[in-house]
Number of protein chains: 2
Amino acid sequence: MRLHSYFRSSTSYRARIALNLKGLDYETVTHHLRKGEQRAADYLALNPQGLVPALEVDGMVIPQSLAIIDYLEERKPDPALLPADLPGRARVRGIAYALACDVHPLNNLRVLSYLADPLGHDQPTVATWFRHWCVVELNALETRLAREPETGSFCHGETPTLADVCLVPQIRNGQRFDVDMAPYPTLQRIYDRCMTFDAFVRAAPENQPDAE
Amino acid sequence: MRLHSYFRSSTSYRARIALNLKGLDYETVTHHLRKGEQRAADYLALNPQGLVPALEVDGMVIPQSLAIIDYLEERKPDPALLPADLPGRARVRGIAYALACDVHPLNNLRVLSYLADPLGHDQPTVATWFRHWCVVELNALETRLAREPETGSFCHGETPTLADVCLVPQIRNGQRFDVDMAPYPTLQRIYDRCMTFDAFVRAAPENQPDAE
């Protein structure tokens, strides 16, 4: 397996955590997003979206972190990243997709770059944008996780799930923009618990071959 | 089942298509997003994200359109919205998530509103933003679908899948901002084919109880 990745990409981070939790070996192919390497012709031939991550596996190229994780979950079900029960799976997916669809897309590099140019916003305004969408979602998520009995040491129960795989990179991303975590004790507790796992630590940006 | 919805919400549109394709009856509860009804206390108690759609089913509240569709797929597998084979499922999910994670989140009402206020952009600039993200993704998707042999009458083969469930509302959304579909003959052909299905037509914004 070859994972096309960028150390600071939080969607690549998700894929790395899932691969590590599943105990799967993979080769990392790095693409420097700030230098535009993801738009090189040979990578576009592989993945027309020109985004990372993408996983080369079993003769296919799978783009999209969530599609990669779904694939890994079905190809190597153990350890499971989704609960065995249908209500549990719905809960975990609802948390994961809230992070993956309602926070991260607004705060990735290409969007922040567009706010700077052509829209002409300065760095403090871009940082305010980042924190706005992050805080809106973390508020909602803290409310849910703090009140729901299914929350355990992790977002759902006592083992890491897809929800944690999405939460950890989002919190890490927020740290870069000084998002205050004090209002989110449940999320912080879960983040800290995840970071006691080697699978999460090895996937972190600073432990990638292209880390700066 | 009760679906919390807004006629023009393209994520609600996805959920409506999936419910219809599965042949499931449901009651629609409307929330007028422009009037902020999704932030009413009683709805926030149900869904702390304050977004639509959310599905009340089996004593649960499931937020997030993709989580709703996953739930429906597992609860009523026939007709299937995902292919039976693992590579096919990965392909369909890759297409669906590209639309759900890389286009729609940038172009929904709350984001366009933020561009206008506080960021102060006029309507033409907001419309340019909308078309920019839409066109970037439709370009990539047209490239994929036009060249890949798995593409059929629909995004994947000869029956509607999760990919079509995400594609149709996105194209419909693009029409509101005058996205030129001429460069996307494959996507337009698939859209037209879907719209020969009653399940897609009944789910369309103009056929909702809160349509304006």
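Where in chain A does Pro53(A) lie? In this predicted model, Pro53(A) is placed in the loop between helix H2 (41-46) and E3 of chain A. A cis peptide bond, with omega about 0°, joins Val52(A) to Pro53(A). Strand E3 of chain A itself spans residues 54-57.

UniProt, in an unreviewed entry, places the feature "domain: GST N-terminal" at residues 1-80 of chain A.

Strand E1 of chain A (residues 2-5) has two partners described here. With strand E2 (residues 27-30) of chain A, E1(A) pairs in the parallel sense over four bridges, and Leu3(A) stands opposite Thr28(A) in E2(A). With E3(A), E1(A) pairs in the antiparallel sense over three bridges, and here Arg2(A) stands opposite Glu56(A). A right-handed β-α-β unit is made by E1(A), helix H1 (residues 10-21) of chain A and E2(A).

Gln64(A) sits in the loop between strand E4 (60-63) and helix H3 (65-75) of chain A. Its phi is near 80°, a positive value in a residue other than glycine. Is Gln64(A) buried or exposed? Gln64(A) counts as buried, because its relative accessibility is 8%, under the 20% limit.

**A hairpin in chain B**

In chain B, strands E3(B) and E4(B) pair in the antiparallel sense over four bridges. Glu56(B) stands opposite Val61(B) in E4(B). The hairpin of E3(B) and E4(B) has two residues between the strands. Asp58(B) lies in the loop between strand E3 (54-57) and strand E4 (60-63) of chain B, and has a positive phi of about 50° although it is not a glycine. With a relative accessibility of 47%, Asp58(B) counts as partly exposed.

The peptide bond from Asp117(A) to Pro118(A) is cis, with omega near 20°.

**How the two chains are related**

A rotation of 180°, with 0.0 Å of shift along its axis, superposes chain A on chain B with an RMSD of 0.0 Å. The two copies are therefore related as by a two-fold rotation axis. In chain A, the C-alpha nearest the axis belongs to Cys101(A), at 2.5 Å. The same surface serves both copies, as 100% of the contact residues of chain A recur in chain B.

**Residues in contact across the chains**

| Residue | Relative accessible area | Contacts |
|---|---|---|
| Leu119(A) | 15% | Tyr114(A), Leu115(B), His121(B), Thr125(B), Trp129(B) |
| Asp70(B) | 8% | Arg93(A), Tyr97(A) |

Asp70(B) is placed in helix H3 (residues 65-75) of chain B. Gly23(B) is 47 residues from Asp70(B) along the chain, and their C-alpha atoms are separated by 15 Å.

Leu119(A) is buried, because its relative accessible area of 15% is under 20%. One of its contacts is Leu115(B). Which residues does Leu115(B) contact, leaving aside its neighbours within four places in sequence? In chain A they are Leu115(A), Leu119(A) and Trp129(A); in chain B they are Gly120(B), His121(B), Val126(B) and Trp129(B).

**The nonpolar core**

In soluble globular proteins, nonpolar side chains tend to be buried together. The largest nonpolar core in this model has 131 residues. Those with the most contacts inside it are Leu115(A), Trp129(A) and Leu187(A), along with Leu115(B), Trp129(B) and Leu187(B).

Notes: Residues are numbered from 1 along each chain as its sequence is written. Chains are lettered from A and ligands numbered from 1 in the order in which they are written. This is a predicted model: local features need pLDDT of at least 70, side-chain atom pairs count only at pLDDT 80 or more; totals for chains, interfaces and linings use all residues. Side-chain values use heavy atoms; hydrogens and water are left out. UniProt positions are given in the numbering used here, feature names are shortened, and annotations may be inferred rather than shown by experiment. Copies are superposed by least squares on the C-alpha atoms of residues with pLDDT of at least 70 in both. Contact means heavy atoms within 4.5 Å. A nonpolar core is a set of buried Ala, Val, Leu, Ile, Met, Phe, Trp, Tyr and Cys residues joined through side-chain atoms within 4.5 Å. Buried means under 20% relative accessible area, exposed over 50%, partly exposed in between (1.4 Å probe, protein chains only). Two strands pair if DSSP finds at least two bridges between them. A crossover is right-handed if, with the strands pointing away from the viewer, the path from the first strand over the helix to the second runs clockwise.
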